[in-house]
Amino acid sequence: MNTNTKCHDLFELVDTFQLIDFSPASTATLNLTKTMLDKCIIDANASIRQLARLFDVDYDELMPSERVRVPSLLCNGTEATVTFYKTARGDRRISIQKIREIAESGDSLGLTWGKSKSGELILVVKKGVSQ
């Protein structure tokens, strides 16, 4: 696990990746546990479900086993994918690719959105968010 990778300030990410719009005001939060990281099972809490709607993902309309992948940017500058999905049993979940590069058990993450110059809506995953 490489959690020593420096996370950039959100404004530094905006400049580096030339995001033309972003909204730190509408931030979803996750408090990570060891199980979430070990098993890659993260329940989509209410703030995650609300943020997902910005990406046209409505958990109430997802079919069991359906997945929606969204391009994302981690706070260390790594491009990744966030997946919103429902399990076969209907549990609402989220998966963050490369999460171990920036986080460990006990960390809080914030997910917000940004828009690239090409108009693509992306998720921005940042560390150290308080609720």
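A residue is called buried when its relative accessible area is under 20%, exposed when over 50%, and partly exposed in between (1.4 Å probe, protein chains only). Keep that scale in mind as we walk through this predicted model, in which local features need pLDDT of at least 70, side-chain atom pairs count only at pLDDT 80 or more, and totals for chains, interfaces and linings use all residues. Residues are numbered from 1 along each chain as its sequence is written, and side-chain values use heavy atoms, with hydrogens and water left out.

Let's start with the overall layout. The protein has three helices and seven strands; helices (H or I, at least four residues) and strands (E, at least two) are DSSP runs, numbered from the N terminus. Read from the N terminus on, the order of the elements is α-β-α-β-α-β-β-β-β-β. Of the 131 residues in the protein, 44% are buried. The accessible surface comes to about 7100 Å², and carbon and sulfur atoms hold 46% of it; such areas come from the Shrake-Rupley method with a 1.4 Å probe, and for residues only the protein chains shown count as cover. Contacts, meaning heavy atoms within 4.5 Å, tell us how the chain folds back on itself: among those with a separation of 6 or more, 56% join residues 24 or more positions apart.

In soluble globular proteins, nonpolar side chains tend to be buried together. A nonpolar core is a set of buried Ala, Val, Leu, Ile, Met, Phe, Trp, Tyr and Cys residues joined through side-chain atoms within 4.5 Å. The largest one here has 30 residues, and those with the most contacts inside it are L32, I48, F84, I94, I96, L109 and L111. At least two residues of this core come from each of β1 (19–31), α2, α3, β3, β4 (79–86), β5, β6 (108–116) and β7 (121–127). Take I94 as an example: leaving aside neighbours within four places in sequence, I94 is in contact with I42, D43, I48, Y59, V82, T83, F84, Y85 and L111.

What about the aromatic rings? Rings of Phe, Tyr and Trp (its six-membered ring) pair if their centres lie within 6.5 Å; planes under 30 degrees apart count as stacked, over 60 as edge-to-face and the rest as tilted. By this rule there are two aromatic pairs. F55 and F84 have ring centres 6.5 Å apart and planes at 35°, so this pair is tilted. F55 sits in the loop between α3 and β3 and F84 in strand β4, 29 residues apart. F55 is buried at 12% relative accessibility, and F84 is buried at 1%. Y59 and F84 make an edge-to-face pair, 6.2 Å centre to centre with 90° between the planes. Y59 too is buried, with a relative accessible area of 2%. Together, the ring pairs link F55, Y59 and F84 into a cluster.

Finally, the charged side chains. The whole structure holds eight salt bridges, each a side-chain nitrogen of Lys or Arg within 4 Å of a carboxyl oxygen of Asp or Glu. One of them joins K34 and D38, whose closest N and O atoms are 2.5 Å apart. Both lie in helix α2 (residues 34–39), four residues apart, about one turn of the helix. K34 is exposed at 54% relative accessibility, while D38 is partly exposed at 44%.

The salt bridge between D60 and R92 (3.9 Å, N to O) links distant parts of the chain: D60 is in the loop between α3 and β3 (67–74), R92 in strand β5 (residues 92–96), 32 residues apart. D60 counts as exposed at 56% relative accessibility, and R92 is partly exposed at 32%.

R89 and D91 form another salt bridge, with their closest N and O atoms 2.6 Å apart. Salt bridges that share partners join D43, R89, D91 and R93 into one network.
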